[in-house]
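Subject: Handover of a structure and notes on it

Dear colleague,

Please find the structure below, followed by an account of what was found in it. I would be grateful if you would read the notes with the model open beside them.

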Amino acid sequence: MKENFIKTKPFKTLVISQGLTGKMAGMPAITTSLLCNENCKKLSNIIGTVCEKCYAIKYVKSRPNVQKVYEENTTLLTSSIIPRKQLPFINAAYCRLESFGDIVNATHLQNYVNLVKKNNHCVFSLFTKNYTVVFNYFKERKQPKNLSIVISSLLINEPFNIDYLSETNLTNVKIFTVYSKTYANGNNVIINCGKTRCIDCLRCYKPNKQPIYISEILK
Ligand code: SF4
């Protein structure tokens, strides 16, 4: 008997980063590349921003293979809606979204929301400084229960103003701010990030009804 094969067009799938180090050790992540992100580029030119001191630029630039994977994730996530069956299964209880990039557009965010909904056994945390895209998206849509939004404050020593959240449907939000050592010491800022691995801490992943504040010392 002759066996028949149906030729299917291969498709690219999102790459999940495993084996990260430092505080991300043990935490899977899906990320795009900050080198393909116009908002990241723009913010890195503004004095006083965290982006001006971004350590991730050096990391990604020195690893061409890593950059290629993140670039491919960027293309996949930002250009069209990925069919549900092509979204990956996350074999973990927690997963970070964006560790070396940020949201580019509404299509990107919709793809993440679809991924979050498909993997409702997993708790996701999305880190972002692209407030416009994220807030506009969640003005009209509900935040999935297994998705935390971590609003990364743009300026060093200055937490994001939570009044801006009032026009959105966001509830499960963390405000993540980076402080200089001098400012933190002089202003009794409680530093609650940086001493343990995320997987042991989970502050950015556990749900909360009111915004909570997370503070880290500038690296
Ligand atoms: S607060 Fe905890 S979970 Fe959030 S980034 Fe810091 S170590 Fe990771």
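F124 lies in strand β3; helices (H or I, at least four residues) and strands (E, at least two) are DSSP runs, numbered from the N terminus. This is a predicted model, in which local features need pLDDT of at least 70 and side-chain atom pairs count only at pLDDT 80 or more, while totals for chains, interfaces and linings use all residues. Residues are numbered from 1 along each chain as its sequence is written.

F124 is buried, as 22 other C-beta atoms lie within 10 Å. A residue counts as buried if 20 or more other C-beta atoms lie within 10 Å of its own, as exposed if 12 or fewer do, and as partly exposed in between, with C-beta atoms placed from the backbone. Leaving aside neighbours within four places in sequence, F124 is in contact with C95, L97, V116, N146 and L147; contact means that the C-beta atoms of two residues, placed from the backbone, lie within 7 Å. By contrast, the C-alpha atoms of F124 and L14, 110 residues apart along the chain, are separated by 16 Å.

The sheet

The protein has 7 helices and 6 strands. From the N terminus on, its elements run β-α-α-α-β-α-β-α-β-β-α-α-β. The 6 strands form an open sheet in the order β1-β2-β3-β4-β5-β6, with parallel pairing; two strands pair if DSSP finds at least two bridges between them. The edge strands are β1 and β6, each of which pairs on one side only. In general, strands of a sheet pair through backbone hydrogen bonds, either parallel or antiparallel.

Starting from β1, 2 bridges join this strand to β2, and the two run parallel. The bridge partner of I30 in β2 is L97. β2 and β3 then pair in the parallel sense over 4 bridges. Here L97 stands opposite L126 in β3, and C95 has F124 as its bridge partner in β3. Both faces of β2 are covered: Y94 and R96 on one side, and C95 and L97 on the other, are all buried.

Further along the sheet, β4 and β5 pair in the parallel sense over 4 bridges, and I149 stands opposite V173 in β5. Another 6 bridges join β5 to strand β6 (residues 212–217), and these strands run parallel. T177 stands opposite S215 in β6. Of the 7 residues of β5, 6 are buried, so this strand is largely enclosed by the rest of the structure.

The nonpolar cores

Which residues have the most contacts inside the largest nonpolar core? They are F124, L126, I149 and V150, in a core of 31 residues. A nonpolar core is a set of buried Ala, Val, Leu, Ile, Met, Phe, Trp, Tyr and Cys residues joined through C-beta atoms within 7 Å. At least two residues of this core are supplied by each of β1 (29–30), β2 (94–97), α4 (106–118), β3 (123–128), α5 (131–140), β4 (147–152) and β5 (173–179). A second, separate core of 9 residues includes L34, C40, V60 and V178.

V150 touches S125, L126, F127, K174, F176 and C204, not counting residues up to four places away in sequence.

The ligand

The ligand is surrounded by K23, C193, T196, C198, C201, L202, R203, C204 and I214, where a residue is near a molecule if its C-beta atom, placed from the backbone, lies within 6 Å of it. This shell divides into 6 nonpolar, 1 polar and 2 charged residues. In this division Ala, Val, Leu, Ile, Met, Phe, Trp, Tyr, Cys and Pro count as nonpolar, Asp, Glu, Lys and Arg as charged, and the others, Gly among them, as polar.

The protein as a whole

Along its principal axes the C-alpha trace spans about 80 × 40 × 35 Å. Buried residues make up 30% of the 219 residues. Among contacts between residues at least 6 apart in sequence, 74% join residues at least 24 apart.

Yours sincerely
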